Amino acid sequence: MSRITHCFTELKRHGKKALIPYLTAGDPNVATTLGLMHALVANGADLIELGFPFSDPSADGPVVQRAIERSLAKKTTLRSVLEIVRLFRTTDQNTPVVLMGYLNPVECMGYQTFTDAAVAAGVDGVLLVDMPPEEGHDLQPIMRKAGLETIYLVAPTSNPKRIAAICKQSSGYVYYVSLKGVTGASHLDVDSVATNLARLREYTALPLGVGFGIRDAESAAQIAKIADAVVVGSALINRIAELKDQDTYTAAELERQTSLIADMRKAMDR
Amino acid sequence: MSEHLIHHKTYDFPDQSGHFGPFGGIFVGETLMPALEELNRQYERLKHDPAFWAEFDYDLAHYVGRPSPLYFAERLTKLCGGARIFLKREDLNHTGAHKVNNTIGQALLARAMGKTRIIAETGAGQHGVATATVAARLGLECHVFMGVDDIQRQSANVFRMKMLGANVVGVSSGSRTLKDAMNEALRDWATNVDNTYYIIGTVAGPHPYPMLVRDFQSVIGREVKEQSMKQIGRLPDSLVACVGGGSNAIGLFYPFIDDKQVRMIGVEAGGLGLETGKHAAPLSAGQPGVLHGNRTYLMNDADGQILETHSVSAGLDYPGVGPEHSWLKDLHRAEYTAVTDDEALAAFRTLTRSEGIIPALESSHAVAHALKLAPTLPAEHVMVVNLSGRGDKDLHTVAAIDNIKL
């Protein structure tokens with residue numbers, strides 16, 4: 001059983017929902033990112049989505065854009081992000097890590113090279129926001145053969161035909177984008193998310209994660225009632241953005257800075 | 001079948017999934033996928049509707065002023081002492097460039113799809129002006145995304161867009177130029193996808209844009225074919241056009257793809273020289289990758305990060321290129337080369353003084369290559385250079401280079 005499937009199975013057994021923080025690797029620097037990943041787990045995260053930077057993040061809102069710009073200013077590369085995962089795995093073998101980003105850095109490294117390096121580092125799944133399943137026919141088989149889960153997005157605009165096709169290509173979990181727009185938008189409509197999730201359930205037995213627009217403990221708890229996983233990105237990155245570019249933060253300091261995750265955990269488990 | 005849809009015997013691209021060989025395709029977030037499918041469906045329907053093309057032709061004739069002349073540049077030819085140089089006068093179009101051919105077509109699509117809000121990206125501002133123009137004419141709300149650096153260097157076009165009623169949105173992320181304007185337009189579209197039509201200005205972006213922009217711009221090459229038969233009794237021997245995203249070049253080349261004897265030459269922006277890395281010439285010095293919804297030749301670093309480009313011409317200052325050009329390059333059907341800022345500026349002056357035509361700095365790149373190539377060719381060789389736009393918008397840039405304050 002893959003680490004992601006095991007994670008969701010265990011949560012279900014305990015009647016809990018997954019809390020998935022997203023953070024941009026290399027913001028404010030790679031050493032702090034590693035510390036933050038451990039802090040997030042300590043605060044109750046079940047799975048981590050680790051963003052690797054791309055110069056042209058056309059599906060992201062301003063908060064993630066700025067995090068990516070800070071990361072690129074520190075010369076973070078896809079290889080240095082994989083190195084963060086390798087270091088994380090030396091002390092945490094349980095928490096699944098999903099790499100999230102845009103296709104071009106992966107193309108540039110080469111599909112097989114990337115896949116081998118990701119597996120060796122301890123990555124569990126990959127979500128490429130600008131690679132719809134239609135364009136994944138070369139990369140997807142390579143990743144699946146190597147044991148990487150392929151996570152795809154479903155949007156409020158997706159029609160039944162697309163939903164069926166996406167679910168067929170997905171493994172690990174399905175990421176439902178809660179609203180029309182970019183990451184960090186503020187118009188979350190829980191009722192319409194519930195309706196669309198119910199529709200989505202008819203197509204897949206995979207866990208359903210919901211992201212975009214979840215910003216506090218209350219909205220996390222609302223989404224946890226209707227989904228299997230809650231993804232939080234921009235709201236967390238706003239806290240991380242307050243950190244300085246230094247690698248001397250203690251574990252306690254990083255846990256305090258990301259206490260939003262602990263608050264969400266508490267509200268979701270209530 | 002409409003004459004607007006050209007069917008080649010040996011070349012049928014893009015395929016059903018929007019690919020030109022390994023290039024093109026649809027690489028966007030899921031939110032936009034259904035909108036692109038819908039656009040493709042609507043275009044496939046309308047492109048077989050004679051009434052759609054009749055309206056397109058009417059607008060091009062009476063609003064844009066087509067056909068644009070194929071002009072024999074006699075003094076320029078004498079100056080070069082070789083091939084006979086003809087200029088396709090896209091600079092005479094309403095709004096001053098070839099861009100309006102495409103915005104007319106896409107505005108008709110937007111109206112047919114019932115969209116009430118238009119967005120566009122722009123670099124030099126020519127596409128922004130052409131979009132604001134058709135939006136004004138159809139009474140549609142219009143928002144144009146433009147890098148804040150480009151807003152600075154193209155202030156006249158910014159003012160034109162505002163006069164036309166468009167909202168010009170400054171983009172201050174990334175390198176603050178055309179590529180970032182395109183990112184922001186994609187973000188806006190994902191947010192307002194229900195009522196918004198995105199008019200992409202070049203033959204790039206996700207399928208079906210490279211195809212439909214090509215089809216609209218192909219009026220250039222169709223006219224050249226007809227005009228050259230009428231004026232010289234045969235097809236030209238070579239076609240020369242500048243390539244940024246590559247819409248004026250595809251417009252000229254596409255109808256000639258099956259005419260194998262016709263050389264097609266695309267001229268990229270060599271900036272300060274390819275060896276300096278400060279240029280915008282992905283076909284000459286880049287490699288394939290994925291940006292803005294399609295796979296194509298790109299300028300990126302070893303980690304796949306898109307590089308900042310440089311060109312004296314804002315309209316060519318883009319790190320990618322239309323995927324069909326990448327395919328024509330790999331098929332060896334078209335050749336691609338680059339000229340430097342300095343060569344383009346020299347050509348700008350040469351054409352202005354010899355023919356009394358002030359070209360856009362973009363088009364000056366094509367002229368510059370023609371000036372190099374024509375002297376090496378015999379007098380019976382006929383070369384058509386696409387004069388894609390006029391230079392009024394560039395007078396400030398050229399004056400600044402000459403240290404003249406306007």
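1. The buried residues of helix H13 of chain B are B:Pro323, B:Glu324, B:His325, B:Ser326, B:Trp327 and B:Leu328. Buried here means under 20% relative accessible area, exposed means over 50%, and partly exposed lies in between, with a 1.4 Å probe and protein chains only. Because 6 of the 8 residues of H13(B), which covers residues 323-330, are buried, this helix is largely enclosed by the rest of the structure. H13(B) is followed by B:His332, whose phi is positive, near 60 degrees. Helices (H or I, at least four residues) and strands (E, at least two) are DSSP runs, numbered from the N terminus.

2. On conventions: the model is predicted, so that local features need pLDDT of at least 70 and side-chain atom pairs count only at pLDDT 80 or more, while totals for chains, interfaces and linings use all residues. Residues are numbered from 1 along each chain as its sequence is written, chains are lettered from A and ligands numbered from 1 in the order in which they are written, and side-chain values use heavy atoms, with hydrogens and water left out.

3. What is the strand order of the open sheet of 9 strands in chain A? The order is S5-S4-S3-S2-S1-S9-S8-S7-S6, with parallel pairing; two strands pair if DSSP finds at least two bridges between them. The edge strands are S5 (149-150) and S6 (153-154) of chain A, each of which pairs on one side only.

4. With strand S1 (residues 18-24) of chain A, S9(A) pairs in the parallel sense over 4 bridges, and A:Val230 is the bridge partner of A:Leu19. With strand S8 (residues 208-211) of chain A, S9(A) pairs in the parallel sense over 2 bridges; here A:Val210 stands opposite A:Val230. From S8(A) the chain passes through helix H10 (residues 217-226) of chain A to reach S9(A), and this β-α-β crossover is right-handed. The term right-handed applies if, with the strands pointing away from the viewer, the path from the first strand over the helix to the second runs clockwise.

5. Chain B contains an open sheet of 4 strands in the order S1-S2-S12-S11, with antiparallel pairing. Strands S1 (19-20) and S11 (287-291) of chain B are at the edges with a single partner strand each, so one side of each is left without a neighbour in the sheet. S1(B) and strand S2 (residues 23-27) of chain B pair in the antiparallel sense over 2 bridges, with B:Phe20 opposite B:Phe23.

6. One of the pairs, A:Phe8 with A:Tyr173, is tilted, at 5.8 Å centre to centre and 50 degrees between the planes. A:Phe8 lies in helix H1 (residues 3-13) of chain A and A:Tyr173 in the loop between helix H8 (160-169) and strand S7 (174-177) of chain A, so the pair ties together parts that are 165 residues apart in sequence. A:Phe8 is buried at a relative accessible area of 8%, and A:Tyr173 is buried at 0%.

7. In chain B, the ring centres of B:Phe56 and B:Phe216 are 5.3 Å apart and the planes stand at 40 degrees, so this pair is tilted. B:Phe56 belongs to helix H2 (residues 50-64) of chain B and B:Phe216 to helix H9 (residues 209-217) of chain B; the pair therefore ties together parts that are 160 residues apart in sequence. B:Phe56 is buried at 0% relative accessibility, and B:Phe216 is buried with a relative accessible area of 0%. Ring pairs link B:Tyr43, B:Phe52, B:Trp53, B:Phe56 and B:Phe216 into a cluster.

8. Two arginines of chain B deserve mention for their positions over rings. The charged end of B:Arg84 sits over the ring of B:Phe72, 5.1 Å from its centre, and B:Arg89 lies over the face of B:Tyr71, at 5.9 Å from the ring centre. A charge sits over a ring if NZ of Lys or CZ of Arg is within 6 Å of the ring centre and within 35 degrees of the ring normal.

Methods: Rings of Phe, Tyr and Trp (its six-membered ring) pair if their centres lie within 6.5 Å; planes under 30 degrees apart count as stacked, over 60 as edge-to-face and the rest as tilted.
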